[in-house]
Amino acid sequence: MYAIVDIETTGGGGTSRITEIAVFRHDGTRIVDFFHSLINPEMYIPPFITRLTGIDNEMVKDAPTFYDVQDAVRAMTRDAWFVAHNAKFDYGFIKREFGALDEYFQRDLLCTVQLSRKIFPGLKSYSLGNLCESLEIMIENRHRAHGDAEATVRLFEKLLLNDRQNLIPMDLYQ
């Protein structure tokens, strides 16, 4: 199983919080489950983040907090590889949110940036937008968790199909 994750945040720093999360649970062939939610970060969302993501303070005012969605996030990622584009970023935020709830969160990571560099060498850029353009993957709702996670699912499926070196583990949880 693979949990393909994307988050949006209030920024990149150590005090930033999650504003949106999407998780697609994938069995290596197809999507088997999905979770998506705006998250109230319980802090101010800066204007430059709102310009990038379209997520503003009003949108998250009545959204659930991470505490409210923790069970869903835990269940969607349990016994699955944690897959994301620049996985350490998304994983770090989620791990920190669980840490704030006094819970140790541990998942095995697969980064689609690193895998793409090995499976599709020689591309000009491995950013999600440029990579998807190179591989003819449509991204709807760019810089939103659902849209970017869905594009990462399509990218991951192409990586699985083209993984001639068996870089993507298939047997950890199956």
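A residue counts as exposed when its relative accessible area is over 50%, as buried when that area is under 20%, and as partly exposed in between. In this predicted model, E58 has 54% relative accessibility and therefore counts as exposed. E58 forms a salt bridge with K61, with the closest N and O atoms 3.1 Å apart. K61, at a relative accessible area of 46%, is partly exposed.

The structure holds eight salt bridges. One of them joins the side chains of R74 and E103, at 2.7 Å from N to O. This pair links distant parts of the chain, since R74 lies in helix α3 and E103 in the loop between α4 and β5, 29 residues apart. R74 is buried, with a relative accessible area of 15%, whereas E103 is partly exposed at 25%. A further salt bridge pairs D148 with R142, the closest N and O atoms being 3.0 Å apart. D148 is buried, at 4% relative accessibility, and R142 is partly exposed, at 32%. R17, E42 and E97 are linked in a network of salt bridges.

The axes of helix α3 (residues 66-77) and helix α4 (residues 87-100) come within 11 Å and cross at roughly 115°. The crossing is left-handed. F66, Q70, V73 and R74 of α3 make the contact with I94, E97 and F98 of α4. By class, four of the contact residues are nonpolar, one is polar and two are charged.

Strands β2 (residues 18-26) and β3 (residues 31-38) pair in the antiparallel sense over seven bridges. H26 stands opposite I31 in β3. Four residues separate the strands of this hairpin, in which G28 takes a positive phi near 95°.

Terms used:
Residues are numbered from 1 along each chain as its sequence is written. This is a predicted model: local features need pLDDT of at least 70, side-chain atom pairs count only at pLDDT 80 or more; totals for chains, interfaces and linings use all residues. Side-chain values use heavy atoms; hydrogens and water are left out. Two strands pair if DSSP finds at least two bridges between them. Helices (H or I, at least four residues) and strands (E, at least two) are DSSP runs, numbered from the N terminus. Axes are lines fitted to C-alpha atoms, for helices over the stretch in contact, and angles run from 0 to 180 degrees between N-to-C directions. A crossing is left-handed if the near helix is turned anticlockwise from the far one by less than a right angle, and right-handed if clockwise. Contact means heavy atoms within 4.5 Å. Ala, Val, Leu, Ile, Met, Phe, Trp, Tyr, Cys and Pro count as nonpolar, Asp, Glu, Lys and Arg as charged, and the others, Gly among them, as polar. A salt bridge is a side-chain nitrogen of Lys or Arg within 4 Å of a carboxyl oxygen of Asp or Glu. Buried means under 20% relative accessible area, exposed over 50%, partly exposed in between (1.4 Å probe, protein chains only).
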